[in-house]
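Here is a protein model to explore.

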Amino acid sequence: MHLNLPSLPFEEHALEPYISAETLAYHHGKHHAAYVKKYNDLMTGSAYEGKPLLDVLRTAEGALFNNGAQAFNHDFYWKCLTPGETAPSEELAAALAEAFDSVEGFKEAFTAAATSLFGSGWTWLIIDENGALAIENGSNAYTPVQTEGKHPLLTCDVWEHAYYIDCRNARPKYVENFWHLINWDFVSENYKQKCRVSHQC
């Protein structure tokens with residue numbers, strides 16, 4: 001199945017001062033759009049034509065996987081951001097506290113992972129088929145959905161194009177800003193849905 005570039009779930013200026021409208025114009029309007037276009041070009045006439053994106057990501061390799069995964073990852077990343085103040089649900093907060101000693105412990109561990117990832121990639125909070133939470137780093141176009149039984153709850157894009165306009169090479173500053181923008185309602189709903197499916201939470 002071919003993809004469409006999804007609209008941002010907020011106005012381009014809505015995340016300021018943490019992420020600028022200029023960054024979003026390039027990140028969404030140029031980078032994300034290019035991944036979608038390239039994926040559609042590669043999909044046309046391929047053995048994968050007509051298949052859903054998630055099915056493609058579990059078996060494809062090379063450029064088709066890279067562009068499809070980047071399209072998926074970016075769509076998920078935008079949904080993880082919001083200009084409003086939100087907080088984890090009681091259920092998610094309790095799960096984070098169990099896995100990382102506290103919600104603050106999770107924040108520290110996730111920050112350490114995101115700032116230490118070498119090169120470009122993504123940092124994820126995932127839940128596995130047993131209901132266990134974990135933080136995963138992945139280089140380049142890595143996405144947890146390529147592995148059966150892993151489900152993403154939250155992601156932070158640590159490619160340089162996500163922050164270089166606003167923070168130059170200071171990735172830690174970008175990650176610090178990220179915590180002001182997390183859409184915990186989205187993350188909490190992801191957790192609720194995956195727990196319902198696995199019956200393990």
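Buried means under 20% relative accessible area, exposed means over 50%, and partly exposed lies in between (1.4 Å probe, protein chains only). Helices (H or I, at least four residues) and strands (E, at least two) are DSSP runs, numbered from the N terminus. This is a predicted model, in which local features need pLDDT of at least 70 and side-chain atom pairs count only at pLDDT 80 or more, while totals for chains, interfaces and linings use all residues. Residues are numbered from 1 along each chain as its sequence is written, and side-chain values use heavy atoms, with hydrogens and water left out.

Start with helix H5. Which residues of H5 are buried? They are Gly105, Phe106, Phe110, Ala113 and Ala114. These residues cover an arc of only 160 degrees around the axis, so they sit on the same side of H5. The arc is taken from the directions that run from the helix axis to the C-beta atoms. On the other side of H5, Glu108 and Ser116 are exposed. The length of H5 can be checked too. The expected span of a helix is 1.5 Å times one less than its number of residues. H5 covers residues 103-116, and its 14 residues should span 20 Å; the end C-alpha atoms are 20 Å apart, which agrees.

A nonpolar core is a set of buried Ala, Val, Leu, Ile, Met, Phe, Trp, Tyr and Cys residues joined through side-chain atoms within 4.5 Å. The largest one has 56 residues. Those with the most contacts inside this core include Phe106, Leu81 and Tyr174. Helix H3 (residues 62-79) gives the most to this core, with seven residues. In soluble globular proteins, nonpolar side chains tend to be buried together. Now look at Leu81. Contact means heavy atoms within 4.5 Å. Leaving aside neighbours within four places in sequence, Leu81 is in contact with Phe10, Leu15, Ile19, Phe178, Leu181 and Asn183.

Next comes strand S1 (residues 121-127), which holds Gly121. Gly121 is buried, with a relative accessible area of 0%. Ala141 is 20 residues from Gly121 in sequence, yet their C-alpha atoms are 6.4 Å apart. Beyond four places in sequence, the contacts of Gly121 include Gly138, Cys156 and Trp159.

Turn to the cysteines. A disulfide is a pair of cysteine sulfur atoms within 2.5 Å. The structure holds one. The disulfide joins Cys195 to Cys201, with 2.1 Å from S to S. This link is left-handed, with -80 degrees about the S-S bond. Cys156 is in no disulfide; the nearest cysteine sulfur is that of Cys80, 9.2 Å away. Cys156 is buried, at 0% relative accessible area.

Charged side chains come last. A salt bridge is a side-chain nitrogen of Lys or Arg within 4 Å of a carboxyl oxygen of Asp or Glu. The structure holds five salt bridges. One of them pairs Glu136 with Lys150 (2.6 Å, N to O). Glu136 lies in strand S2 (residues 133-139) and Lys150 in the loop between S2 and strand S3 (151-157), so the pair ties together parts that are 14 residues apart in sequence. Glu136 counts as buried at 15% relative accessibility, whereas Lys150 is partly exposed at 24%. Another salt bridge joins Lys79 and Asp75 (3.6 Å, N to O). Lys79 and Asp75 are four residues apart in helix H3, about one helical turn.
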